[in-house]
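Have the model open while you read.

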Amino acid sequence: MSLAAETRDAVRARPFLLEALRAGVVNYAGAARALDVAEDTEAVATALRRFAETLEARETEARDVRVTMQGGVDRGSDEPLLSVGDVGFGGEDGPLTAVLATGHVDADALRHAMGVLAAHGVDVVAAGVSEAALVVLVARREGPEALRRIETALDAVPV
């Protein structure tokens, strides 16, 4: 495998670096050292620059959604708001809050919302998305923060 191909693979294994390359905010020498692809970090930095030149900049789009919150969610509900494997989350007396976005949502919207939540230190218990609904479960006290962050995230989803 060529150094350029090895560098591209190493970048793709680190989605944050791929997004930084697309945004044009990378210190190539620092990234080359962090990737530890080859001893010659100058060659890796050059491969990074060339790879970055081939990437299209990310555009964003605002999603037409309605974001609401439902408190009291717990595991083991018979009428779940969200199911993951054989665990259903729903109810009215539990310790979790569900943030529900309905409308134009998809996996890209969920991925971006999860990244924004992580960047702000909001711990997610469970999450899922379907054709017209996105659900994120957080601890009760983090519900309002999660709602605000998800609204903001869905105003600028990378496409």
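Is the crossing of α1 and α4 left-handed or right-handed? The crossing is right-handed. Bear in mind that this is a predicted model.

**The helix pair**

Two packed helices are described by the angle between their axes and the distance between the axes. Helix α1 covers residues 3-12 and helix α4 covers residues 41-54; they pack at an angle of about 70°, and their axes sit 9 Å apart. An angle from 65 to 115 degrees counts as roughly perpendicular, so that is how α1 and α4 lie to each other.

Who touches whom? On the α1 side, the residues in contact are L3, A4, T7, R8, V11 and R12, and on the α4 side they meet A43, V44, A47, L48 and F51. By class, this contact has 8 nonpolar residues, plus 1 polar and 2 charged.

**The largest pocket**

Now for the largest pocket, which has a volume of about 400 Å³. It is lined by 13 residues, and E19, R58, R111, H112 and P158 are the closest to its centre. At least two lining residues come from each of α2 (15-23), α5 (107-119) and β8 (157-158). The biggest giver is α5, with 5 residues in the lining.

Here is how the two sets of residues split by class:

Terms used. Residues numbered from 1 in each chain as written. Predicted model: local features only at pLDDT ≥ 70, side-chain atom pairs only at ≥ 80, totals over all residues. Heavy atoms only, no water. Axes fitted to C-alpha atoms, helices over the stretch in contact; angles between N-to-C directions. Helix = DSSP H or I, 4+ residues; strand = E, 2+ residues; numbered from the N terminus. Parallel < 35°, antiparallel > 145°, perpendicular 65-115°, else oblique. Left-handed = near helix turned anticlockwise from the far one by under 90°. Contact = heavy atoms within 4.5 Å. Nonpolar A, V, L, I, M, F, W, Y, C, P; charged D, E, K, R; others polar. 1 Å grid on protein atoms, 1.4 Å probe; cavity = no way out; pocket = protein on both sides within 12 Å on 5 of 7 lines; lining within 4 Å. Points joined across faces, edges and corners; volume = space filled by probe spheres on them.
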